[in-house]
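Please keep the sequence and the structure open while going through the numbered points.

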Amino acid sequence: MLSAKKLQKGGEYREVVVENLTRTQIVQYAGASGDYNPIHTDEVFSTQVAGYPAVFAPGMLTMGLTGKMLTNYVGVEQMRSFGVRFTRQVWPGDDLTSTAVITDIAEEDGETIVKLDVQTVNQKDEVVLQGYATAAVQP
Amino acid sequence: MADSKDNKKQVIFPVEAGHILMFARSIGDENPLYGAIGGEASDHIVAPPTFVQASAQYTPGYPLRPVIGEPWFGSGKTPSGRKPTYGQEKQDSGEEEKRSEGSNAGMLHAEQHYTYHRPLRPGDVLHATVREGEKWERDSQRAGKLFFSDAITEYRDQNGELVVTARAVGVRTEKVIKS
């Protein structure tokens with residue numbers, strides 16, 4: 001568990017959460033999550049029927065990848081909230097990097113909570129996901 | 001029983017170690033808290049923070065899951081196995097714009113939020129109650145008019161305790177965003 005004594009506003013944590021995203025990883029995510037929308041896994045449908053250049057990842061996969069950075073940073077059981085806006089599509093071949101920046105450390109409901117701004121960008125530095133998270137830390 | 005005025009729908013979602021393992025692999029996460037690493041199983045397993053989304057597997061009639069024997073809007077012999085529920089083609093000075101087709105046609109996931117009251121563990125049986133929320137709209141440069149709607153899902157455990165609260169915001173666009 002992180003310790004508030006070692007944290008300060010503006011502190012950053014960053015991870016590459018996927019490199020060269022494969023269509024197979026998107027299929028793994030579809031199978032596990034239950035979202036079988038062919039827009040994500042069926043390139044014949046996605047291109048010939050829906051008119052996209054390829055399949056694209058579900059936003060929730062990007063959120064899951066971003067969550068990996070967060071849990072590596074603050075811990076799984078320490079998460080208190082996590083919310084995001086999906087700003088751009090994620091395509092096969094993308095590399096994604098997720099960053100958390102500390103915006104506040106405060107006492108809430110008997111716990112010391114760190115508040116984070118969260119952002120995930122692709123290899124062109126375009127923002128694909130923007131959000132926030134909060135987590136419990138040691139005082 | 002839900003009547004026409006009651007827009008609450010309940011789903012029963014058992015949390016299982018094997019499901020958590022496959023979900024963790026799909027996000028490329030080898031955290032030992034998610035289960036087997038190289039064949040060794042952990043006896044302390046919790047779910048990743050976005051795992052509750054997989055309650056879709058237990059949602060009766062979930063529209064993005066194929067039903068055996070029923071036509072499916074993805075490809076098989078043909079690029080799409082059935083006529084889409086929504087399917088609009090806009091022709092504007094020679095340019096064709098297609099709306100994403102299917103049961104959730106044109107609806108994109110705009111936002112997702114979770115509040116965690118306690119970690120999820122295998123053996124938990126969650127009762128998910130969905131409540132439709134607000135609808136609103138605004139204009140955007142890239143996509144024309146945007147139509148938003150949100151839904152709140154409360155996941156309670158076998159003791160009736162709130163475990164996770166989720167809020168999903170969907171958006172329908174006037175134009176398909178291709179980039």
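1. Which side chain does a polar contact of 2.9 Å join to the side chain of Arg14(A)? The partner is Thr99(A). A polar contact here is a pair of N or O atoms within 3.5 Å, where within protein one must be able to donate a hydrogen and the other to accept it, and where residues adjacent in sequence count only if both atoms are side-chain atoms.

2. Before going further, please note that this is a predicted model, in which local features need pLDDT of at least 70 and side-chain atom pairs count only at pLDDT 80 or more, while totals for chains, interfaces and linings use all residues. Residues are numbered from 1 along each chain as its sequence is written, chains are lettered from A and ligands numbered from 1 in the order in which they are written, and side-chain values use heavy atoms, with hydrogens and water left out.

3. Arg14(A) belongs to strand 1 (residues 12–18) of chain A, where helices (H or I, at least four residues) and strands (E, at least two) are DSSP runs numbered from the N terminus. Leaving aside residues up to four places away in sequence, Arg14(A) touches Thr97(A), Ser98(A) and Thr99(A), and contact means heavy atoms within 4.5 Å. Ala30(A), by comparison, is 16 residues from Arg14(A) along the chain, and 26 Å separates the C-alpha atoms of the two.

4. The term stands for a side-chain nitrogen of Lys or Arg within 4 Å of a carboxyl oxygen of Asp or Glu. The search of the whole structure finds 12 salt bridges over all chains.

5. As for chain A as a whole, it has four helices and five strands, and from the N terminus on its elements run β-α-α-α-α-β-β-β-β. The C-alpha trace of chain A spans about 55 × 30 × 20 Å along its principal axes.

6. The interface deserves a careful look. In it, 48 residues of chain B are in contact with 45 residues of chain A, and the two chains bury about 3,800 Å² between them, 56% of it on carbon and sulfur atoms. Buried area is the accessible area (1.4 Å probe) that two parts lose on being put together, summed over both.

7. How many salt bridges does the rule find across the interface of chain B and chain A? The rule finds one, and in it the side chains of Glu77(A) and Arg121(B) meet at 3.0 Å, N to O. Arg121(B) lies in the loop between strand 4 and strand 5 of chain B, and Glu77(A) in the loop between helix 4 (59–74) and strand 2 of chain A, so the pair joins two chains. Across the same interface there are 15 residue pairs in polar contact, both residues being at pLDDT 80 or more.

8. On the side of chain B that touches chain A, the elements that give two or more residues are helix 1 (17–26) and strand 4 (107–116) of chain B. Strand 4 of chain B gives the largest share, eight residues. Strand 4 of chain B also pairs in the antiparallel sense with strand 2 (residues 79–86) of chain A, over five bridges, and there Phe82(A) stands opposite Tyr114(B). Two strands pair if DSSP finds at least two bridges between them.

9. Within chain B, strand 4 is joined to strand 7 (residues 162–173) by nine bridges, and the two run antiparallel; the bridge partner of Gln112(B) in strand 7 of chain B is Ala168(B). Strand 6 of chain B and strand 7 of chain B pair antiparallel over 11 bridges, with Phe148(B) opposite Val171(B), and they form a hairpin with five residues between them, in whose turn Gly160(B) has a positive phi of about 80°.

10. Strand 5 (residues 125–140) of chain B and strand 6 (residues 144–156) of chain B also run antiparallel, joined by 12 bridges. His127(B) stands opposite Arg156(B) in strand 6 of chain B, and a hairpin joins strand 5 of chain B to strand 6 of chain B through three residues.
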